[in-house]
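Subject: Structure handover

Hello,

Here is the structure for your files. Please load it before reading on.

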Amino acid sequence: MANKDDNSLADMPLTEHLVELRSHLIKIMAVVAVIFLGLVGFSRELYDFISEPLVEILPTASTMIAIDPVANFMAPIRLTLLTSAFIAMPFILYQIWSFIAPGLYKHEKRIAVPILLSSIVLFYTGVAFAYFIVLKRALSFLITFSPSSVVPMTDIESYLSFVTKLLMLFGITFEIPVVVLILVITGIVSVATLAEKRRYVIVACFAAAGVMSPPDVPSMFLLALPMILLFEFGLLMARLLIKEKKAALAEKES
């Protein structure tokens, strides 16, 4: 049954929803802007940090280059903006939650909060795994297999684009347990069905890793194996959640 707040929300005209949405967007942009202003003075250090895995393995005669005249300025600034949004991610998700929470029932809110917190932790874990474990190995593999007549001279804009895509890919991939939980909780698929289809999920993980990861075998395995383990972890959490839900229901009926 919907409560009073839910009815009030349903009666709210579209313009008020848009005003509320604008308020949350302004807060998000303000926080990102404040973090950006605090970091912009360290934009070169940020780029040095993100480019360190490549610089360490470049041959002696190689270096990073800037093809575009403005790339030396824009690449660190763009990285600073992305870093600001990355740091502000918990606040961004909180604002999204604040916007949609009034439309949820009490039991939905009780489940949504731990899922939201888990998704934040998993996203940061995925990004850290990509930077500290995957990035340097992938770069080493790609440079090792370059023709002997070619000296690697990576453009700073291209490198930034490559790294941000890789970090985002792993951050999103690490949300698999959350996706599994949502699918089970909403009744779209059961735990038993997911367990039965495990072999297809494993094949799909390798296929997806082959398409999404950098074009080298180590990166494919470093993406596919966590995907499979995270799927199993999500399955385990879903089993525990369903078991707890049944126990609570049985206790309520007895």
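This is a predicted model: local features need pLDDT of at least 70, side-chain atom pairs count only at pLDDT 80 or more; totals for chains, interfaces and linings use all residues.

Residues are numbered from 1 along each chain as its sequence is written, and side-chain values use heavy atoms, leaving out hydrogens and water.

**Core**

The largest nonpolar core has 48 residues. Such a core is a set of buried Ala, Val, Leu, Ile, Met, Phe, Trp, Tyr and Cys residues joined through side-chain atoms within 4.5 Å. Buried means under 20% relative accessible area, exposed over 50%, partly exposed in between (1.4 Å probe, protein chains only). Tyr47, Ile50 and Tyr159 touch the most other members. Among the elements giving two or more residues are H3 (43–57), H4 (71–87), H7 (156–173) and H11 (217–253). Helix H6 supplies the largest share, 10 residues. Helices are DSSP runs (H or I, at least four residues), numbered from the N terminus.

Leaving aside neighbours within four places in sequence, Ile50 is in contact with Leu79, Tyr131, Leu135, Tyr159, Val163 and Leu167. Contact means heavy atoms within 4.5 Å.

**Aromatic pairs**

The structure holds eight aromatic pairs. Rings of Phe, Tyr and Trp (its six-membered ring) pair if their centres lie within 6.5 Å; planes under 30 degrees apart count as stacked, over 60 as edge-to-face and the rest as tilted.

- Phe86 and Tyr124 pair edge-to-face, at 4.7 Å centre to centre and 80° between the planes. Phe86 is in H4 and Tyr124 in H6, 38 residues apart. Phe86 is partly exposed at 29%. Tyr124 is partly exposed too, at 24%.
- Phe129 and Phe174 form a tilted pair, at 5.7 Å and 40°. Phe129 lies in H6 and Phe174 in the loop between H7 and H8, so the pair ties together parts 45 residues apart in sequence. Phe129 is partly exposed at 22%, whereas Phe174 is buried at 7%.
- Phe49, Tyr131 and Phe132 are linked into a cluster by ring pairs.

**H10 and H11**

The axes of H10 and H11 come within 8 Å and cross at roughly 140°. Axes are lines fitted to C-alpha atoms, for helices over the stretch in contact, with angles from 0 to 180 degrees between N-to-C directions. Residues that meet here include Val201, Ile202 and Phe206 in H10, and Phe221, Ile228 and Phe231 in H11.

Regards
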